Amino acid sequence: MEASGRAGDGKKASAILPGASMNQNASSTDRGSESTAANSGLAPSASVTMAQRTSKGAVNPMQDWLHEALVGTGHVLHCALLRRKDGVPVATCLGHKPRKKTLEALVVNFNKTSEQRRKTPEIEFEGDTYVCVRNDEGALYAKRKSQCKDGLAVVVTTQYLIYATYNSEMHASVCVEAVERGGEYIRAKGK
C-alpha cells in the first residue's frame with residue numbers, strides 16, 4: 001500500500017503506509033541489489049537495501065516500520081520510536097544513535113503541563129538549540145536555531161514518542177505528515 005503526493009518542487013514524495021509489508025512494496029529486483037530509494041537520490045539513510053539490513057543481523061520490526069513509513073519518504077533524515085515513560089529507544093533508523101540527554105529532554109518536555117509546554121520557546125536536541133513552532137500535549141515542531149531550514153517533528157501517543165528530523169534539502173511538511181501518520185497508526189493500535 002503506497003501513498004503518493006507531490007512535494008512543492010514537483011518531485012514525487014511517497015511513503016509506505018503503516019501496516020503494509022515491505023514485500024508488497026518492493027519488486028524482487030529491489031530486494032537483492034540496489035533499492036529504488038538508492039536510485040531516486042533520497043537521503044543516504046533511505047538507500048539501505050533489505051539485503052544490507054538483514055546482513056547486519058535481525059531487524060527489529062519497528063525499525064523496519066520506521067524505515068518504511070518515515071525514512072522511505074526521502075524527507076526524514078533521522079527518526080526514532082521511544083517509550084514515553086523513560087525515553088528508552090524501541091527502535092531507531094539505521095546509523096542513528098540518539099544522545100541520552102536528548103531523549104531525556106523529550107520525555108521531560110511531554111511530562112510538563114500544557115501551559116508549561118506552550119511557554120517553552122526552545123528545546124535542546126542532539127546538541128543544538130531548536131526554536132519551538134508548536135509545543136503542546138500532542139506534538140512538538142521546532143526549527144534549528146542556527147540553521148532555520150533544519151527541523152524536528154515529535155508526536156506523542158499514550159505509550160510512545162516518535163521523532164523525525166529533516167534538513168534543508170527536505171520538505172518539512174512531508175516529514176511532519178509522515179510523523180503524524182505514524183502517531184495515528186500507533187494510536188489506532190491503542191498504544
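**Close-up views of a predicted model**

F125 is buried, as is Y163. Both residues come from a predicted model, and the views below start from this pair.

**View 1. F125 and Y163 meet edge-to-face.** The ring centres of F125 and Y163 are 5.0 Å apart and the planes stand at 85 degrees, so the pair counts as edge-to-face. F125 belongs to strand β5 and Y163 to strand β9, so the contact ties together parts that are 38 residues apart in sequence.

**View 2. Ring pairs join F125, Y130 and Y163 in a cluster.** The structure has three aromatic pairs. One of them is F125 with Y130, an edge-to-face pair with 5.7 Å from centre to centre and 90 degrees between the planes. Y130 is buried, and F125 is too.

**View 3. Seven strands build an open sheet.** The strand order reads β4-β3-β9-β8-β7-β6-β5, and the pairing is antiparallel. Strands β4 (89-92) and β5 (122-125) form the edges, each with pairing on one side only. From one strand to the next, the twist averages 25 degrees. In general, strands of a sheet pair through backbone hydrogen bonds, in either a parallel or an antiparallel way.

**View 4. Strands β6 and β7 pair in the antiparallel sense.** Strand β6 spans residues 128-135 and strand β7 spans residues 139-144. Five bridges connect the two. Y130 stands opposite R144 of β7. Y130 also takes part in the aromatic cluster with F125 and Y163.

**View 5. Helices α5 and α6 lie across strands of the sheet.** Helix α6 (residues 100-111) lies across β3, β4, β5, β6, β7, β8 (151-156) and β9. Relative to β5, helix α6 runs at about 150 degrees.

**View 6. Helix α8 covers residues 172-188.** This helix has 17 residues. From the first C-alpha to the last it reaches 24 Å, close to the 24 Å expected at 1.5 Å a residue. Buried residues in α8 are V174, C175, A178, V179, G182, G183 and I186. Just after α8 comes G190, with a positive phi of about 80 degrees.

Methods
Residues are numbered from 1 along each chain as its sequence is written. This is a predicted model: local features need pLDDT of at least 70, side-chain atom pairs count only at pLDDT 80 or more; totals for chains, interfaces and linings use all residues. Side-chain values use heavy atoms; hydrogens and water are left out. Two strands pair if DSSP finds at least two bridges between them. Helices (H or I, at least four residues) and strands (E, at least two) are DSSP runs, numbered from the N terminus. Axes are lines fitted to C-alpha atoms, for helices over the stretch in contact, and angles run from 0 to 180 degrees between N-to-C directions. Contact means heavy atoms within 4.5 Å. Rings of Phe, Tyr and Trp (its six-membered ring) pair if their centres lie within 6.5 Å; planes under 30 degrees apart count as stacked, over 60 as edge-to-face and the rest as tilted. Buried means under 20% relative accessible area, exposed over 50%, partly exposed in between (1.4 Å probe, protein chains only). The expected span of a helix is 1.5 Å times one less than its number of residues.
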